[in-house]
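Hi,

Here is the structure I promised to pass on. Have a look at it first, and my notes follow below.

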Amino acid sequence: MTDMLSENETAAHVDLFSKFDPLIEMRRNLLSTGQEDPFGLVMERVVSPTVAVCNGRETILLGTYNYMGMTFDPDVIAAGKQALDDFGSGTTGSRVLNGTYAGHKAVEQALCDFYGMDHAMVFSTGYQANLGIISTIAGKGDYIVLDIDSHASIWDGCKMGDAEVVPFKHNDIEAMEKRLRRIPEGAGKLVILEGVYSMLGDIAPLKEMIAVAKKYGAMVLVDEAHSMGFIGPNGRGVAEDQDCLDDVDFVIGTFSKSVGTVGGFCVSNHPKFEIMRLVCRPYVFTASLPPSVVATATTSIRKLMHAGDKRAHLWENSKTLHKGLKDAGFQIGTDEPQSAIIAVIMPDLEKGAAMWEALLHEGLYVNLARPPATPANMTLLRCSLCAEHSAEQVQQIIGMFTRAGKAVGILG
Ligand code: PMP
């Protein structure tokens, strides 16, 4: 038998995009009703960490990860401008070749100081930090035990490596222990947890989970993307807050949330950590962050070390919004506020999209989140608060939600 084509034959064309047809159809149906595209909004101008102009109108931002409001901090901006003047617009190279500038070393030192750890390695994004660290440290014959609600970058890091991947039910300590117990004797084990889970804004019982992980000889990686700067007495995250940071082998974080710019990192006390700079492909085979970005990050991280007042105000905002929305009759992702994320559960995508648009018309931007990003097929309006939201803005937001909820028929 031959499967070669003769000279006059052509093979059937397979459109590689046909796999996206169901999603294309779903979007077409949603937008055909005149619904504004919730995934296509443009910020025409950004006035402050909490206000932008969208569709020509000033809009309160309640769907950014700008938790500590550092994006317009005058010192942060000045540091970025100075670095542009002194070092140019970009490094045009990898960290291991021509792409390590004084600023990259300075931001890594700021991270070591911030976390009180020995080593820090900066990546171009938090996504790449997870991709790189996870795929590099857990290899063939090793086991990764992780929460089923882990962020996409964690799953992709697992997929890129060769380890066996064993998920367990969200925040379920017993389920995690059961998985750990079954791993063959002598195998390497990595437990991956998050401090704050970003869809519902709930936190992990890290202290108990890490104790179990250590009992089974596992190393522990905690992604503190949504807690850095805010949670814990020094803003080091949920592990600091629960007094178990010393038992975490690797903390993953990002500059794209509380730090207010872009970039990712891993901090660790592991004595051999520095070898990662040579073996971690998403660190080696990509260009390093621009000098202006690392300069803004350094200034922001150092200011976040002394941001106790901002942290306290952000907690107030989170509590006020949680109570206000709950009292208005909305269903919230957590019974109590646990982070700066308040997730409002919508009955379905259509109602969620309608509510999102009604809020936008009120002058409020929130995140519409839908599967596969969300757990249990939920449609969520995710509200993320900022330390720069004033108490008045939070009251305004509660009023906007109440009016929109009635108009869309979510509230009685
Ligand atoms: N980890 C978690 C838990 C996240 O939510 C995100 C981004 N939303 C990332 C990592 C990736 O961060 P970055 O934006 O820096 O790529």
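In which crossing, left-handed or right-handed, does α3 pass α11? The crossing is left-handed, meaning that the near helix is turned anticlockwise from the far one by less than a right angle (clockwise would be right-handed).

Before the rest, two housekeeping points. Residues are numbered from 1 along each chain as its sequence is written. This is a predicted model, so local features need pLDDT of at least 70, side-chain atom pairs count only at pLDDT 80 or more, and totals for chains, interfaces and linings use all residues.

Back to the helices (DSSP runs of H or I, at least four residues; strands are E, at least two; both numbered from the N terminus). The axes of α3 (residues 102-115) and α11 (residues 291-304) come within 9 Å and cross at roughly 20 degrees. Axes here are lines fitted to C-alpha atoms over the stretch in contact, with angles from 0 to 180 degrees between N-to-C directions. Angles under 35 degrees count as roughly parallel, so α3 and α11 are roughly parallel to each other. On the α3 side the contact (C-beta atoms, placed from the backbone, within 7 Å) includes G103, H104 and F114, and on the α11 side P291 and R302 are among the residues.

Now the domains, whose bounds come from an automatic or database assignment: domain 1 is 33-68 + 308-408 and domain 2 is 73-304. Their centres, taken over C-alpha atoms, are 27 Å apart. In the contact, 19 residues of domain 1 meet 20 of domain 2. On the domain 1 side, α12 (308-328) and β13 (341-346) each supply at least two residues, and β13 gives the most, with 3.

Cheers

Notes:
Contact = placed C-beta atoms within 7 Å. Parallel < 35°, antiparallel > 145°, perpendicular 65-115°, else oblique.
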